[in-house]
Number of protein chains: 2
Amino acid sequence: MSSIKDVAILAGVAVGTVSRVINKSGAVKPATRRKVEEAIQELNYVPNEIARNFKMRKSKMVALMLPSIWHPFFSELAYYIEDELDLEGYKLMLCNSGGKPEKELYYLEMLQQNKVAGIVGITYNDIENNVSNDIPIVSIDRHFNKKITCVTSDNYEGGRLALRELVKAGARKPAFIGSVTSVYSETMNRREGFIQEAKTMGVEYVVYEKPDPVEDDDAYFDELLKEHHDVDGVFAITDIFAAKYIERAGRQGIRVPEDVKVIGYDGIQDHPYFHPLLSTIRQPVEEMARMTIRLLYEKIEGKDLEQQVYRLPVTFRQGETT
Amino acid sequence: MSSIKDVAILAGVAVGTVSRVINKSGAVKPATRRKVEEAIQELNYVPNEIARNFKMRKSKMVALMLPSIWHPFFSELAYYIEDELDLEGYKLMLCNSGGKPEKELYYLEMLQQNKVAGIVGITYNDIENNVSNDIPIVSIDRHFNKKITCVTSDNYEGGRLALRELVKAGARKPAFIGSVTSVYSETMNRREGFIQEAKTMGVEYVVYEKPDPVEDDDAYFDELLKEHHDVDGVFAITDIFAAKYIERAGRQGIRVPEDVKVIGYDGIQDHPYFHPLLSTIRQPVEEMARMTIRLLYEKIEGKDLEQQVYRLPVTFRQGETT
DNA sequence: AAAAAATATTGAAACGTTTCCAATTTGGTG
DNA sequence: CACCAAATTGGAAACGTTTCAATATTTTTT
């Protein structure tokens, strides 16, 4: 593998000059430029990006840390994040934490050692104190405090919207179901919006939560179905959670949407090939991804951001479950 | 940010000694080790991995290049690949090529500049000639020639299995449907196996392919349905393709599995929440991912591999479409 | 207790760039 | 033609590590 030095020798110039040609920095005479370019051609020279990063003390690598890329919501998110990063020549490093605290910390440490330019974090733990100040972070759906900017969908409005849609679809006693994740999770506002709107509209409602991590899903759902057989509407904290409910309810002969209307949250199915097509509160995934990266850029450039939390509007997508 | 030099000064030793403490290479007296460790503590020192990579002229970064992480099969694959890489302290860089030749080449060039330790490629183009010899590559489902090792499922046997299962489920005139991707794609063997088995069993069959890239899916399926209304079994080249077919057929009043039995390939649904649950030829995704990485390790270590292509066995998963 | 052997440590070079200052060349002007 | 400013180029330091030969220290052997 030839280096900039080899190029310089072959072209009969100094390494500094080659560097200037490559980076188009500073002035070089057309004749010199040509000589250098020929040498580069001949030697098949490619700049060593690692040496560059080392010298410049910065890299164009951004890490995305999330529980699991396997999850459809995250893989869609990752898709757009990579796309947006590539526009500016940034690269994406993928870290599956499994949501485990120790793995999150382990990755954080590693990322620090690798001097990544920035981190996009979807974590279960408060990583605020485990990260040095010189590495910009934008989090999705988790709001710790002002050091880490948060991008999320408008969970509160989403909750209100879900309640209204359930009522509109005919539900008289809707329930919010979900698993409690982190206290820092913005997703908990889905519940708050739901409750608030139910109170405002004077609708009877139920909140039935399950502590995370999952112990026994089936038991949870069975208990729910037994204790609240008069529930005729369900707003689930995620689409997957909604799908699980429908599956379990179906086994007990409860039909959706005839007996119970169901609304999820996320909007993971982009193809209408599998059924039931969930009625859901659709997050603007692409927008969230792109905004996250653009905010991260601002932080990388040292700018201060106006807001701590950026909430993007959600929409209701009518499916077959309401 | 403090460097190894700062640590050396504070501990009153040479930088080489600190290096040996950090890397547990060479001998150091317990007393010295303690001094150094204290200094590291005090300064909050973390080794600069970039400087290390630079000096060692190698990194622990492996790139995964695929059409789109959004696709459920790839995101499952990526999940296991990341997991296996992490076991050995390797990191994963994710590159969505969109299957576009120019983007694949662009990424390849970039990866070369970044001196990644290896590449896992799921490409649409023959990248054999666009990659320098000193960067190990393992490809999934694409077999070019001996330079690039290929890991794939046993597509041929999968095709035979699908044909047999269709017949077993009652199909008299099964069809293979799919889009033609690359000539290098091992996935084309799904068709070959299907055809071979049909001939062996003396079953009438149809092959109906659509050139890639996708122009108009709907038109393709409509034509298929019109021209071959006597087809009563379908083996689709992927699960998604199968799902599309079912959707389109359903609109024309064709019921699955009553009128037509359908079998897909991949096994993407890990949760039985959405229907129809496809009958499918399930690829051993986890095994494929882990084997790919282990083979890549061997190549990184300079070992020669025994085979050019590694085919892993598939299984039939009974769903609701046969 | 001296010599030999084993163990620890130091110090400097090297990795491939960028950048900055100084030196040189070029081109224009009077 | 001499001079000056601007343009171009050269050369070397610096980035933070690892590694290796050389030196220093400790332990073992006789």
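A salt bridge here is a side-chain nitrogen of Lys or Arg within 4 Å of a carboxyl oxygen of Asp or Glu. By that rule, the structure holds 44 salt bridges over all chains. One of them joins R282(A) to E76(A), with the closest N and O atoms 2.9 Å apart. R282(A) sits in strand 10 (residues 279-282) of chain A and E76(A) in helix 5 (residues 72-87) of chain A, so the pair ties together parts that are 206 residues apart in sequence. Helices (H or I, at least four residues) and strands (E, at least two) are DSSP runs, numbered from the N terminus.

This is a predicted model, in which local features need pLDDT of at least 70 and side-chain atom pairs count only at pLDDT 80 or more, while totals for chains, interfaces and linings use all residues. Residues are numbered from 1 along each chain as its sequence is written, chains are lettered from A and ligands numbered from 1 in the order in which they are written, and side-chain values use heavy atoms, leaving out hydrogens and water.

Now the two chains together. Two copies of a chain are related by a rotation about an axis and a shift along it. Here a rotation of 180 degrees with 0.0 Å of shift along its axis superposes chain B on chain A, at an RMSD of 0.1 Å. The two copies are thus related as by a two-fold rotation axis. The superposition is by least squares on the C-alpha atoms of residues with pLDDT of at least 70 in both copies.

The contact (heavy atoms within 4.5 Å) takes 50 residues from chain B and 50 residues from chain A. Of the interface residues of chain B, 100% are also interface residues in chain A, so the copies meet through the same surface. Chain B and chain A bury about 4,900 Å² between them, 63% of it on carbon and sulfur atoms. In chain B, W70(B), Y273(B) and F274(B) lose the most area to chain A, together 16% of what that side buries. Buried area is the accessible area (1.4 Å probe) that two parts lose on being put together, summed over both.

Several elements of chain B each supply at least two residues of the side that touches chain A, among them helix 4 (49-56), helix 6 (101-113) and helix 10 (239-251). Helix 5 of chain B gives the most to that side, with eight residues.

L92(A) stands opposite L94(B) in strand 2 of chain B.

Last, the backbone. Most residues other than glycine have a negative phi, and most peptide bonds are trans. The bond from V256(B) to P257(B) is cis, with omega near 10 degrees. P257(B) lies in the loop between helix 10 and strand 9 (261-266) of chain B. The bond from H275(B) to P276(B) is also cis, with omega near 0 degrees. K24(A) has a positive phi of about 55 degrees although it is not a glycine.

Note on methods. Pairing = 2+ DSSP bridges.
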